[in-house]
Amino acid sequence: MGTVPPLASAFQRREGLQEEVDRVRARHATVLTQVLSGGGGVGKSQLAAACAWQAHAEGVDVLVWVNAAETSQIVAAYAQAAARIAITDSDGQDAEVDATAFLDWLAITDRTWMVVLDDLTDIEGVGPWWPRPSTGDNGRVLATTRRRDALVSGAGRAVVEVGVYTEDEACAYLGERLAEAGGSHLLDDLTGDLIEALGRLPLALAHAAAYMINEDVSCTRYLALFTARTTRLDAVLPPGADTEGYGRRVTASLLLALDAAQQREPVGLANPAIRIAALLDPAGHPRELWDTDAVADYLTAHRTPLSTGAPASEPVRPEQARAALRLLHHYALLTSDSRGGDRSVRLHALTSRAAQETTLPADAFAAVRATAGALREIWPKQQYTALGLTAVLRANTDALTVHAGDLLWESDSHLLLFFAGSSLIDAGQFTTAVAHWHRLVADSKRMLGEDHPDTLTARANLGTSYQHAGRTAEAIDLLERVVADRRRVLGGDHPDTLTARANLAISYRRAGRTAEAIGIEEQVVADRRQAIGEDHPDTLTARANLASSYQRAGRTAEAIDLLEQVVADRRQALGDDHPDTLIIRANLAFFYQRAGRTTEAIDLLEQVVWDTERVLGGDHPVTLTARNNLATSYQQAGRNAEAIDLLEDVAADVERVLRGEHPDALAVRANLAASYQQAGRTAEAMRVEEQMVADSVRLFGSVHPDTLAARNNLATSYWRVGRTAEAISIEEQVVADRGRTLGDKHPATLIACANLGTFYWQSGRIAEAIELLEQVVVDTERVLGGDHLDTLTARTSLASSYQRAGRIAEAIELLEQVVVDTERVLGGDHPDTLTACNNLAVSYQGAGRITEAIDLLERVVAGAERVLGGDHPDTRMIAYTLRSYRMAQGLVGRTHACRSSGRQGLARGKRAGKRR
């Protein structure tokens with residue numbers, strides 16, 4: 001009874017689904033009612049037809065195929081079956097009586113039978129007409145439906161979810177279908193891309209294959225037609241391509257259940273709800289989006305009033321929005337499954353496209369605005385708390401941008417794009433951030449104009465992205481133009497202009513143009529004070545930035561004085577527990593560490609770690625940074641075991657919270673490698689550094705500053721274990737890359753040159769070392785000044801080369817001046833001053849001036865014990881050298897390796913505790 005559809009050309013048996021159907025059937029000893037549930041076009045009817053034809057082939061006695069969209073059709077089909085079988089209790093006078101007789105017969109017969117209810121829609125009305133269980137296993141009921149609500153699985157019915165083809169099934173279908181028509185030549189390199197663009201939907205693949213065969217169009221050409229923004233679905237999946245007899249357009253099939261859903265509670269919300277879902281990522285969006293005010297307001301304004309529905313003026317509540325979402329799920333128009341996490345709501349790409357194409361232009365703008373507003377509402381204020389959610393929101397923002405086009409710019413909806421761009425920078429995805437802001441600048445210029453404040457902000461953010469991506473020259477060029485334009489458009493005293501100048505100063509500082517940075521920042525501080533006051537948060541930030549530039553310029557005492565005042569002012573203005581106060585206290589501790597005030601740095605950082613964990617939580621980036629900096633202070637104090645334990649914990653936490661590919665995670669691993677190195681665990685240090693180089697190259701590119709720093713650190717480790725040739729090879733390339741990207745006179749380039757010079761004299765290439773280091777000393781003195789720490793380090797390395805070349809008098813003369821300058825700049829007890837004195841003592845000993853060497857070392861040992869403690873590795877090393885000199889008095893000409901000068905000269909290339 002009824003017409004069983006023929007199997008489509010190139011029919012795919014879909015083994016996974018068939019096995020699931022068979023498994024469910026095997027679990028039932030009596031009559032089995034199976035429901036194949038899924039959205040439009042997934043092939044439910046074809047799967048049911050395959051089961052029906054198999055039953056027919058196996059000799060089933062009664063096979064009834066019912067087009068079950070309406071209950072009356074089911075009753076009529078049952079009545080016809082009763083007449084056909086000639087059931088005694090049916091007389092052809094009353095269809096319902098005859099249908100009941102048929103169901104009674106099914107329950108008692110020993111004949112084999114199968115009833116297929118295809119496209120079951122009114123599950124509520126069909127309740128009395130489900131075939132009833134019998135005592136035998138001779139019967140089977142199979143239903144197909146788009147419905148997925150609880151009624152589908154009630155009364156012992158077993159539900160089998162039918163989805164799209166697997167990738168293999170889709171490839172097999174398209175290949176076989178084209179081959180049958182002599183169209184195998186239409187397959188090409190983009191076949192896989194076409195299959196994915198069609199969402200592996202069986203109905204769409206069938207129509208696409210027919211179109212390709214009819215028009216002799218390849219996969220590549222068809223894909224271009226399909227993805228063109230101006231092409232509608234009905235043009236590329238036309239009704240005329242319905243060679244398999246589906247009987248309706250693809251668009252209509254995908255949205256077939258929408259009218260029914262519109263009439264269910266909450267009445268009138270299905271249509272506006274699917275318009276929002278259609279603008280989002282087919283891979284999924286968070287269910288929380290449906291709790292937002294933006295969605296509720298949109299559904300309220302666009303609810304379709306029906307005679308049985310609520311008044312249009314009644315506000316839609318979040319629970320009703322959720323109910324509308326579940327309604328669309330029940331009718332298989334989308335999938336809402338809490339197991340999907342942040343992608344719990346999914347809409348097939350073709351259903352999305354069909355919904356968009358059937359949305360009136362007047363409704364499209366409101367839907368776009370509501371969707372953008374909803375995404376902004378659920379965007380996490382602290383990205384680190386929800387990295388996965390933020391990534392999903394960015395993907396949905398990208399989807400909305402594609403679907404909405406210029407509609408995003410017809411209100412403030414485009415501000416969502418600023419959220420997405422900022423989150424890319426926070427996530428450390430700098431290359432992607434550059435591309436995002438570049439597009440945003442172009443669109444903002446086109447839609448808002450060159451001088452619009454949002455355009456200027458987008459350009460400023462592009463400049464920041466350039467800076468983070470290591471494209472310093474481009475960053476400076478763009479930010480200089482942003483400053484000029486903001487001055488012209490907004491005025492020199494406008495807050496946005498001051499912010500642009502502050503950002504430019506940071507770029508100058510990172511480019512090694514510290515004096516220019518200081519000049520700008522001093523003026524920004526003065527302007528902020530005049531405009532908004534001394535204690536305004538923006539003024540405090542400007543003063544903190546100025547302190548950082550002072551510290552970078554070697555003006556450490558001024559930097560500390562300024563930052564201590566900023567800390568006091570922030571405490572008074574914001575309180576001890578405000579995040580900005582905690583951050584600036586951590587920065588002050590970093591300055592103490594750089595100034596050699598290690599004990600003060602540790603005391604302050606231990607308190608900051610305690611406070612940040614209490615106020616912000618252990619996983620907050622500020623807490624992780626404070627713990628990282630505390631570990632580096634432990635390392636500086638010689639408490640290496642504590643440093644390693646803490647850094648290993650921080651590395652694991654950063655990996656978990658920020659994910660291992662974030663720049664902050666790489667910084668922690670760099671510090672961990674340095675601690676391993678200091679502890680003599682060289683092999684472990686090199687393993688970490690080798691992996692860091694590989695990760696940095698993959699994430700940032702081969703010439704990003706972080707990549708070059710990682711390569712420099714690896715070269716240092718190779719040098720320390722005697723792999724000097726490899727160290728030189730790496731460092732020569734670092735020098736070349738830094739010179740090309742940053743400039744020959746950039747401080748980072750000069751540091752690399754100084755390290756390379758040290759490698760040269762270690763490998764016996766003394767003349768090259770001296771030539772290179774003499775130039776480095778000249779350049780650092782000119783660029784940074786004679787008192788800068790990098791200048792003092794370069795002069796120390798040059799002195800070591802002189803000593804190695806036998807030019808002892810020149811080495812001593814140079815080192816004596818380094819000691820005087822270091823003591824004047826840093827103080828007599830600074831670790832760098834003690835290191836300089838130690839290096840000078842070594843040179844005295846090499847020149848036979850053993851008494852002067854011993855006298856100097858005695859002072860150094862006393863200072864090291866006072867500053868570093870008697871158990872610090874440097875203290876023990878210097879004390880050992882002093883003992884050996886005392887024992888060797890009179891042994892003129894005996895020399896010792898100048899360990900400290902090499903260590904100090906190379907340590908400048910390491911990434912110290914990351915400053916926030």
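Visitor: In which strand is the place of D119?

Guide: Strands are DSSP runs of E with at least two residues, helices are runs of H or I with at least four residues, and both are numbered from the N terminus. By that numbering, the place of D119 is in residues 113–120, which form strand 3.

Visitor: What sources and limits apply to the model?

Guide: This is a predicted model, in which local features need pLDDT of at least 70, side-chain atom pairs count only at pLDDT 80 or more, and totals for chains, interfaces and linings use all residues. Residues are numbered from 1 along each chain as its sequence is written, and side-chain values use heavy atoms, with hydrogens and water left out.

Visitor: What is the relative accessible area of D119?

Guide: D119 has a positive phi of about 60 degrees although it is not a glycine. With a 1.4 Å probe and protein chains only, buried means under 20% relative accessible area, exposed means over 50%, and partly exposed lies in between. D119 counts as partly exposed because its relative accessible area is 23%.

Visitor: Is A86 buried or exposed?

Guide: A86 is not a glycine, yet it has a positive phi of about 65 degrees. The residue is found in the loop between helix 3 (71–85) and helix 4 (95–108). Because its relative accessibility is 60%, A86 counts as exposed.

Visitor: What is the omega of the peptide bond from E265 to P266?

Guide: P266 is found in the loop that lies between helix 11 (258–262) and helix 12 (270–278). The peptide bond leading from E265 to P266 is cis, and its omega is near -5 degrees.

Visitor: How many residues does helix 31 have, and what is its reach?

Guide: The expected span of a helix is 1.5 Å times one less than its number of residues. For helix 31 (residues 682–700) that expectation is 27 Å. Helix 31 has 19 residues, and from its first C-alpha to its last it reaches 26 Å.

Visitor: What covers the buried residues of helix 31?

Guide: An α-helix has 3.6 residues a turn, so residues three or four places apart point the same way. The buried residues of helix 31 include A685, V688, E689, M692 and D695. Contact means heavy atoms within 4.5 Å, and the cover of the buried residues includes helix 19 (430–448), helix 30 (663–678) and helix 32 (705–720).

Visitor: Which residue just after helix 31 takes a positive phi?

Guide: The positive phi is about 100 degrees. The residue that takes it, just after helix 31, is G701.

Visitor: Which residues does R738 touch, not counting residues up to four places away in sequence?

Guide: R738 is found in helix 33 (residues 724–741), and it counts as buried because its relative accessible area is 7%. R738 and T749 are 11 residues apart in sequence and 5.3 Å apart in space, C-alpha to C-alpha. With the stated neighbours left out, R738 touches L708, A709, G743, A748, T749 and A752.

Visitor: How many helices and strands are in the protein?

Guide: Of the 916 residues in the protein, 55% are buried. Along the principal axes, the C-alpha atoms fill a box of roughly 130 × 60 × 55 Å. The protein contains 41 helices and 7 strands.
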